[in-house]
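The following paragraphs lead the reader through one protein structure, from a single turn to the whole chain. Please keep the sequence and the model in view while reading.

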Amino acid sequence: MKIPVTEGVWRESLATGENLMVVRFTFQAGAVVPTHRHMHEQSSYIVSGGLRYTLEGKDIVLRPRDSLVIPPNQEHSAVALEDTIDINSFSPPREDYL
């Protein structure tokens, strides 16, 4: 089931274990995930489309088959450059997504 995250962004939990959670995010072009931080280590893998992440003030553009890891407590945000599907893993699982 797709759950709204912010305007133009939805999440769908794919798998949750004791120490890891996998989530599919769907973005509409131009959607913004505001600057935030959390205690979870996070990976992002772009299936289709493109995202511009800003990590601690540095911009990183990801296209299909690109990935990155965001360390715990690192400030980050994202902007969808086009309609995008992004697979994320969180460790530990995000309780706010359960």
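In the hairpin formed by β6 and β7, two residues lie between the strands, and Glu-56 adopts a positive phi near 50°. The model is a predicted one, in which local features need pLDDT of at least 70 and side-chain atom pairs count only at pLDDT 80 or more, while totals for chains, interfaces and linings use all residues. Residues are numbered from 1 along each chain as its sequence is written, and side-chain values use heavy atoms, with hydrogens and water left out.

The names of the strands follow a convention: helices (H or I, at least four residues) and strands (E, at least two) are DSSP runs, numbered from the N terminus. Two strands are said to pair if DSSP finds at least two bridges between them. Strand β6, residues 51–55, pairs with β7 in the antiparallel sense over five bridges. Within this part of the model, Arg-52 stands opposite Val-61 of β7.

What does the chain contain as a whole? The protein chain has 10 strands and zero helices. Its radius of gyration (taken over C-alpha atoms) is 12 Å, close to the 13 Å that the globule rule (2.2 Å times the number of residues to the power 0.38) gives for 98 residues, so the chain is as compact as a globular protein of that length. Along the principal axes, its C-alpha atoms fill a box of roughly 35 × 30 × 25 Å.

Buried residues (under 20% relative accessible area, with exposed over 50% and partly exposed in between, using a 1.4 Å probe and protein chains only) make up 39% of the 98 residues. Contacts, defined by heavy atoms within 4.5 Å, also describe the chain: of those with a separation of 6 or more, 63% join residues 24 or more positions apart. Leaving aside neighbours within four places in sequence, Phe-25 is in contact with several residues, among them Val-5, Trp-10, Ile-85 and Tyr-97.
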